[in-house]
Amino acid sequence: ANFIITVANSASDPNQILDDLSREPWLAEVPREPILLRQIELDRENPPSDPYTHSLSAYQGQLIELYLAQNQVAKAQAMYDSSLSGNDRKGGVDMNRIVLAVRSNRLQPLLDTWRANPDSVPKDSFGSAIYRLMKPTTAYKPDLAAIRPLQEFLFEYRSEEHTSELQSRQY
């Protein structure tokens, strides 16, 4: 990875070189971390002007995914926490929050928050979160007992949502 980063640094656009290489299937997981960390560093130093290039949050999301695949939950949590500044907590951020809560045994406070404030439920993020939690990697095997409360909450939430929708149609 250091060689790749050194070569990329000599290019006119090192982030483009790293971006192209980081998606290559032949590149193992281990060198992806320093490459993504360098991309984050480059993006912070010089944010891209082209809206179609990868953004800082995209690189952070990829790094969180990599850490979770390697079962490095503490590193994933640290990257997630550092990525929250400036984000609107939607989409991938909510999915990562759910996955991290389950994987670090901190789901119950999140469920309590959602029950107390149903408008805060990130309903569009559940499918992706459950998919990621159920997907085994070489370092992570799904913990069905830890995932079950999330599935139960989702069932309960969707049942209530469906019931209130039916009640509103009757009037």
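Colleague: How many aromatic pairs does a search of the whole structure find?
Modeller: Four aromatic pairs. Keep in mind that this is a predicted model.

Colleague: What kind of pair do W114 and F126 make?
Modeller: Edge-to-face, because the planes are at 85°, which is over the 60 degrees needed, with the ring centres 5.4 Å apart. W114 lies in helix α7 and F126 in helix α8, so the pair ties together parts 12 residues apart in sequence.

Colleague: Buried or exposed, W114? And F126?
Modeller: W114 is buried, at 2% relative accessible area. F126 is buried too, at 0%.

Colleague: What about F126 and F153?
Modeller: They form a tilted pair, 6.1 Å centre to centre with 50° between the planes. That pair links helix α8 to helix α9, with F126 and F153 27 residues apart. F153 is also buried.

Colleague: Which residues do ring pairs link into a cluster?
Modeller: W114, F126, F153 and Y157.

Colleague: Switching to the core. Which residues have the most contacts inside the largest nonpolar one?
Modeller: W114, F126 and L150, in a core of 35 residues. Elements giving two or more residues to that core include α3 (29-45), α7 (107-116), α8 (126-134) and α9 (144-170). There is also a second, separate core of seven residues, with I4, A8, L27 and L42 among them.

Colleague: One last thing: where does the charged end of R103 sit?
Modeller: Over the ring of Y140, 3.6 Å from the ring centre.

Technical notes
Residues are numbered from 1 along each chain as its sequence is written. This is a predicted model: local features need pLDDT of at least 70, side-chain atom pairs count only at pLDDT 80 or more; totals for chains, interfaces and linings use all residues. Side-chain values use heavy atoms; hydrogens and water are left out. A nonpolar core is a set of buried Ala, Val, Leu, Ile, Met, Phe, Trp, Tyr and Cys residues joined through side-chain atoms within 4.5 Å. Buried means under 20% relative accessible area, exposed over 50%, partly exposed in between (1.4 Å probe, protein chains only). Helices (H or I, at least four residues) and strands (E, at least two) are DSSP runs, numbered from the N terminus. Rings of Phe, Tyr and Trp (its six-membered ring) pair if their centres lie within 6.5 Å; planes under 30 degrees apart count as stacked, over 60 as edge-to-face and the rest as tilted. A charge sits over a ring if NZ of Lys or CZ of Arg is within 6 Å of the ring centre and within 35 degrees of the ring normal.
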